[in-house]
Amino acid sequence: MLLALAGCHSPPKPKIALPNLPLPPPAAPAAPPLPVPAPIPTVWSFAVGSAGCAALAAGEAGGFGITVQSDGAVDFSVSGAGGTSLPLAVGVPVAIRFGGPAGSWKLSGMVGKGVSIRAHVGAGNEALGMVLAVLGGGTARAGDYALGLPALEIPPAGAAGSAWFTCARNREHG
């Protein structure tokens, strides 16, 4: 019986030597993060007219604008310098952010014509508070760095900003 069982097994397979294969190359190291550009310094200018009150903190690479309409509504805008267009279509939503010692906020804006992002806030104390925060100085930006708009370093507006804010408050509570 043992002989019958021994005859049913197949002979061991011969071992075949495989060639040594090269190891895959090591994974490439992750690209270092892009440096965050320093905010661009700006300088304030103010205008008052029958259609509203306008303030602009502008620098060589862009600007941050505030327009208080005759009905008290406020438009905020971030724009880049130069004649190029943004890589997004007009009307695409892009956030505008502001942060400073007098307050921080974020608005949903939209790509406008040229190199600008605009956000609209209806009349009210919230809009005036946002304006006051910007007049206190800080940093404003729209979208992320890939969009190509600079971060803007906005100085405190000082006495000229206080005088201009009287126009904004009068439009709001006119």
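Trainee: Which polar atom lies 3.2 Å from the backbone oxygen of Lys113?

Mentor: A polar atom of the Ser116 side chain lies 3.2 Å from that backbone oxygen of Lys113. Please keep in mind that this is a predicted model. Ser116 itself is found in strand β8, which covers residues 116–121.

Trainee: How should I read the burial of this residue: is Ser116 buried or exposed?

Mentor: One compares the relative accessible area with a cut-off, and a residue under 20% is called buried. Ser116 has 5% relative accessibility and therefore counts as buried.

Trainee: Which residues is Ser116 in contact with, leaving aside its neighbours within four places in sequence?

Mentor: Ser116 is then in contact with Val78, Ser79, Leu86, Met110 and Val111. Of these, Val78 and Ser79 fall within strand β5 (residues 74–80), while Met110 and Val111 fall within strand β7 (residues 103–111).

Trainee: In what order do the strands form the sheet?

Mentor: Ten strands form an open sheet, in the order β1-β10-β9-β6-β7-β8-β5-β4-β3-β2, and the pairing is mixed. Its edge strands are β1 (40–41) and β2 (43–49), each of which pairs on one side only. In this order, β8 stands between β7 and β5.

Trainee: What pattern does the chain follow along the sequence?

Mentor: The chain has three helices and ten strands, and they follow the pattern α-β-β-β-β-β-β-β-β-α-β-β-α.

Trainee: How do I read the pairing of β2, β3 and β4, and how many bridges are there?

Mentor: One looks at the direction of the two strands and at their bridges. β2 and β3 pair in the antiparallel sense over seven bridges, and a hairpin of two residues joins them.

Trainee: How many aromatic pairs does a search of the whole structure find?

Mentor: The search finds six. One of them is the pair of Trp44 and Phe46, which is stacked, with 5.3 Å centre to centre and 15 degrees between the planes. Trp44 counts as buried because its relative accessibility is 13%, whereas Phe46, at 27%, counts as partly exposed.

Trainee: What is the geometry of the pair formed by Phe76 and Trp105?

Mentor: That pair is tilted: 4.8 Å separates the centres, and the planes are 45 degrees apart. The pair links distant parts of the chain, with Phe76 in strand β5 and Trp105 in strand β7, 29 residues apart. Phe76 is buried, since its relative accessible area is 0%, and Trp105 also counts as buried, at 11%.

Trainee: Which residues form one aromatic cluster?

Mentor: The cluster is formed by Phe64, Phe76, Phe98 and Trp105. Phe64 is the residue in β4 that stands opposite Ala57.

Trainee: What share of the contacts links residues 24 or more positions apart?

Mentor: Among the contacts in the chain with a separation of 6 or more, such residues account for 55%. As for the chain as a whole, 35% of its 174 residues count as buried. The chain exposes about 10700 Å², of which carbon and sulfur atoms supply 65%.

Definitions and conventions. Residues are numbered from 1 along each chain as its sequence is written. This is a predicted model: local features need pLDDT of at least 70, side-chain atom pairs count only at pLDDT 80 or more; totals for chains, interfaces and linings use all residues. Side-chain values use heavy atoms; hydrogens and water are left out. Rings of Phe, Tyr and Trp (its six-membered ring) pair if their centres lie within 6.5 Å; planes under 30 degrees apart count as stacked, over 60 as edge-to-face and the rest as tilted. Buried means under 20% relative accessible area, exposed over 50%, partly exposed in between (1.4 Å probe, protein chains only). Helices (H or I, at least four residues) and strands (E, at least two) are DSSP runs, numbered from the N terminus. Contact means heavy atoms within 4.5 Å. Accessible areas come from the Shrake-Rupley method with a 1.4 Å probe; for residues, only the protein chains shown count as cover. A polar contact is a pair of N or O atoms within 3.5 Å; within protein, one must be able to donate a hydrogen and the other to accept it, and residues adjacent in sequence count only if both atoms are side-chain atoms. Two strands pair if DSSP finds at least two bridges between them.
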